[in-house]
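Dear colleague,

Please find below the structure that I am handing over to you.

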Amino acid sequence: MSYEVKCEWREGKKTIVINPDGQVWPCCYMCNTGNDYKGHPNRQDRHENNVYMEYHGYKDELNIFKNSLDKIMRHKWFTQTLPKSWEKEETSTKACKEWCSNLINKTDKEN
């Protein structure tokens, strides 16, 4: 079985989450992991995964208070970095692997 991420963003729904601080994320799983909440179980991923590290480098550009939503949605992080991260298990974020990949059983999420 090859690695696959079944993401609503990838499927074309293009839903987003906007944090109170204006940061725009593709989903709540990444949004919660992408923030620096002390004690969050996936916090370490934010500091080690290139997808999050690149996001942090574009933090101002990906903020609704500093850029239009249209411009954010066309930003290379959403159009290139995020989709490319799904190609291999080792490049995916922990959130993508744990919630939206074929590595987990759907019943695991329900418990």
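I begin with one residue and its surroundings. Leaving out residues up to four places away in sequence, Gln23 touches Val17, Ile18, Tyr55, Lys59, Leu62 and Asn63. Please bear in mind throughout that this is a predicted model. Gln23 lies in the loop between β1 (17–18) and β2, and its side chain reaches the backbone oxygen of Lys59 at 3.1 Å. Is Gln23 buried or exposed? With a relative accessible area of 3%, Gln23 is buried, because the cut-off for that term is under 20%.

As to the overall architecture, the protein has seven helices and two strands. Read from the N terminus, the order of these elements is β-β-α-α-α-α-α-α-α. The protein has 111 residues, of which 36% count as buried. It exposes about 6,900 Å², and carbon and sulfur atoms supply 49% of that area. Among contacts between residues at least 6 apart in sequence, 52% join residues at least 24 apart.

The interior comes next. In soluble globular proteins, nonpolar side chains tend to be buried together. Here the largest nonpolar core has 20 residues, and those that touch the most other members are Trp25, Met30, Trp77, Phe78, Leu82 and Trp86. At least two residues of this core come from each of β2 (24–25), α1 (28–34), α3 (50–57), α5 and α6.

In α5, the buried residues are Trp77, Phe78, Thr81, Leu82 and Ser85. Viewed down the axis of α5, they fall within an arc of 115°, so they line one face of the helix. Trp77 is in contact with Trp25, Pro26, Met30, Val51, Glu54, Tyr55, Leu62, Leu82 and Pro83, when its neighbours within four places in sequence are set aside.

In α3, Val51, Tyr52 and Tyr55 are buried. Their arc, seen down the axis of α3, is within 95°, so these residues too line one face of their helix. Asn50 and Gly57 are exposed on the other side of α3. At the start of α3, a side-chain oxygen of Asn49 comes to within 2.7 Å of the backbone nitrogen of Val51.

Finally, I turn to the loop between α5 (76–85) and α6 (94–100), where Ser92 is found. Ser92 is buried, with a relative accessible area of 1%. What does the side chain of Ser92 reach? It reaches the backbone oxygen of Ser85 at 3.0 Å, and it also makes a polar contact with the side chain of Tyr3 at 2.9 Å. Beyond its neighbours within four places in sequence, Ser92 is in contact with Tyr3, Val5, Asn49, Ser85, Trp86 and Lys97. Among these partners of Ser92, Ser85 is one of the buried residues of α5, while Asn49 is the residue whose side chain reaches Val51 at the start of α3.

Glu90 is found in the loop between α5 and α6 as well. Glu90, however, is exposed, with a relative accessible area of 62%. Along the chain, Glu90 and Tyr3 are 87 residues apart, and their C-alpha atoms are separated by 9.9 Å.

With kind regards

Terms used
Residues numbered from 1 in each chain as written. Predicted model: local features only at pLDDT ≥ 70, side-chain atom pairs only at ≥ 80, totals over all residues. Heavy atoms only, no water. Helix = DSSP H or I, 4+ residues; strand = E, 2+ residues; numbered from the N terminus. Buried < 20%, exposed > 50% of the residue type's maximum accessible area, 1.4 Å probe, protein only. Polar contact = N/O pair within 3.5 Å; in protein donor to acceptor, adjacent residues only side chain to side chain. Contact = heavy atoms within 4.5 Å. Arc of directions from axis to C-beta. Core = buried A, V, L, I, M, F, W, Y, C linked by side-chain atoms within 4.5 Å. Areas by Shrake-Rupley, 256 points an atom, 1.4 Å probe, with all protein chains shown as cover.
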